[in-house]
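Please look through the sequence and the coordinates below before reading on.

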Amino acid sequence: MSVANVERTVVRVPYRAEVLRRGAKNPKTMTFLADLAVGLRVLPPESFGTAVIATVQAEDGAKETRYAGFEGDLWLPLVREGKPVPAEIVLRQFATGSALLDHGIGNPFHQTGMAAHSRDAAAGAVPIEEALVREIRSTDREEVLGRAARLAKDIVLAMDGTVWRRSVGPFHLARPNETVAVVAATYDLPAGRGADWSLGPCAAGSRPSLQGAYFGAGRSAEALEHAAAEYFVRDGAVTGSIEILEPGFLPDHDALIAARAVTDAECAGMIRRSTLLAPDHLVAAGRAALATAARVHDLPVEAYGQRIGGARAPAGSQRPDAEALVAAVDAVRSFFADDLSATGIPSRQAMNQDWRAFFEEKRGDECRRFDVYERDRLAVDEAAPDLGLHAEGPRP
């Protein structure tokens with residue numbers, strides 16, 4: 001299975017910059033476009049043989065997704081309404097910087113920034129060289145282009161005119177009060193929680209975030225055990241099915257998903273709020289925990305926890321190593337277990353206890369999932385802090 005050739009092309013990527021425009025007194029954050037030269041591999045269509053078939057049960061019936069196996073990973077074609085999007089259209093829209101690829105498919109190169117670009121901002125963006133800019137105060141251009149270059153390696157052209165993108169594959173989703181369900185994910189890792197934003201233990205009207213744990217295609221047994229132990233769903237059933245034809249192509253994203261679930265944007269928001277008007281040593285401990293955890297989301301620490309909860313990491317993010325995953329989980333847990341308890345200021349003790357209890361309530365199931373199912377698989381010799389988060393139920 002050899003690469004026939006490489007299609008040299010240019011993709012236009014949006015990024016942000018804080019600029020001072022000519023004639024303006026105050027800087028403004030704007031969206032601009034940068035050109036990135038990439039080489040997309042071109043392969044014969046027979047390179048993409050079916051490796052995994054996921055069947056999802058929905059209200060309108062069963063839906064089947066076929067994942068191809070290539071380069072030790074799973075891939076999906078870019079399709080719209082069941083039909084492949086022609087490569088010539090995709091390449092043309094990559095080159096023009098269009099936000100959408102053929103009838104509403106999102107351009108992945110528009111997702112390499114820290115946060116999503118509005119459609120209006122992307123549509124009106126131009127290269128910064130064409131704008132009336134007097135001074136550039138700050139920009140995320142280099143970070144965005146770095147992610148875009150990595151993303152380009154996940155896109156392959158086939159000689160039959162189709163476009164394929166590396167996929168994260170299907171998952172088993174364990175959740176409270178529901179049977180374990182098959183999820184046919186596409187290109188982005190699913191978030192361990194939904195997008196509801198809980199403001200904190202003292203916030204009036206705060207909404208609980210959605211619970212749930214994703215396990216990979218070959219880990220239905222673990223998903224069922226976790227559902228029974230944490231969510232008391234003991235029916236032993238799975239809604240939908242996953243047929244694994246070629247196990248050598250199954251990706252392993254479970255530890256990364258679990259670590260990101262423990263340390264997601266909402267959790268970072270908890271740390272930021274719990275350090276407000278706090279003594280210096282507690283502020284320093286919070287900053288250290290944020291810096292460690294931000295790495296597993298490939299985000300700068302100043303942005304981590306400042307976005308809406310449940311937001312995904314940017315496309316093209318670097319995958320952290322095992323040590324980074326364990327360090328992030330342990331740093332966050334240690335902050336709530338040790339640093340909040342060490343303040344020694346009576347006026348803050350009750351508040352800090354509330355934050356610790358809130359973290360244990362919101363993240364207890366995800367901390368246990370990481371310890372029971374992922375920590376040993378990462379083979380990092382680190383001891384987990386004992387937060388008293390031990391639940392009864394079946395364990396491996």
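**Salt bridges in the fold**

Arg150 and Asp298 form a salt bridge in which the closest N and O atoms are 3.9 Å apart. Because Arg150 belongs to helix α3 (residues 141-152) and Asp298 to the loop between α7 (280-294) and α8 (322-339), the pair ties together parts that lie 148 residues apart in sequence. Arg150 is partly exposed, with a relative accessible area of 28%, whereas Asp298, at 16%, is buried, since the cut-off for burial is under 20%. The model in which these values were computed is a predicted one.

A second pair, Glu71 and Arg41, also forms a salt bridge, here with the closest N and O atoms 2.3 Å apart. Glu71 sits in the loop between β4 (61-70) and β5 (73-77) and Arg41 in strand β2 (residues 28-43), so that distant parts of the chain, 30 residues apart, are linked. Of these two residues, Glu71 counts as partly exposed at 43% relative accessibility, while Arg41, at 18%, counts as buried.

The side chains of Arg219 and Glu222 meet in a further salt bridge, with an N to O distance of 3.6 Å. Arg219 is buried at 10% relative accessibility, and Glu222 is partly exposed at 22%. Both residues belong to a network of salt bridges that also links Asp252, Asp254, Arg369, Glu374 and Arg377.

Of its 396 residues, 49% count as buried, and the chain exposes about 18700 Å², of which carbon and sulfur atoms supply 50%. Among contacts between residues at least 6 apart in sequence, 70% join residues at least 24 apart.

Technical notes: Residues are numbered from 1 along each chain as its sequence is written. This is a predicted model: local features need pLDDT of at least 70, side-chain atom pairs count only at pLDDT 80 or more; totals for chains, interfaces and linings use all residues. Side-chain values use heavy atoms; hydrogens and water are left out. Buried means under 20% relative accessible area, exposed over 50%, partly exposed in between (1.4 Å probe, protein chains only). Contact means heavy atoms within 4.5 Å. Accessible areas come from the Shrake-Rupley method with a 1.4 Å probe; for residues, only the protein chains shown count as cover. A salt bridge is a side-chain nitrogen of Lys or Arg within 4 Å of a carboxyl oxygen of Asp or Glu. Helices (H or I, at least four residues) and strands (E, at least two) are DSSP runs, numbered from the N terminus.
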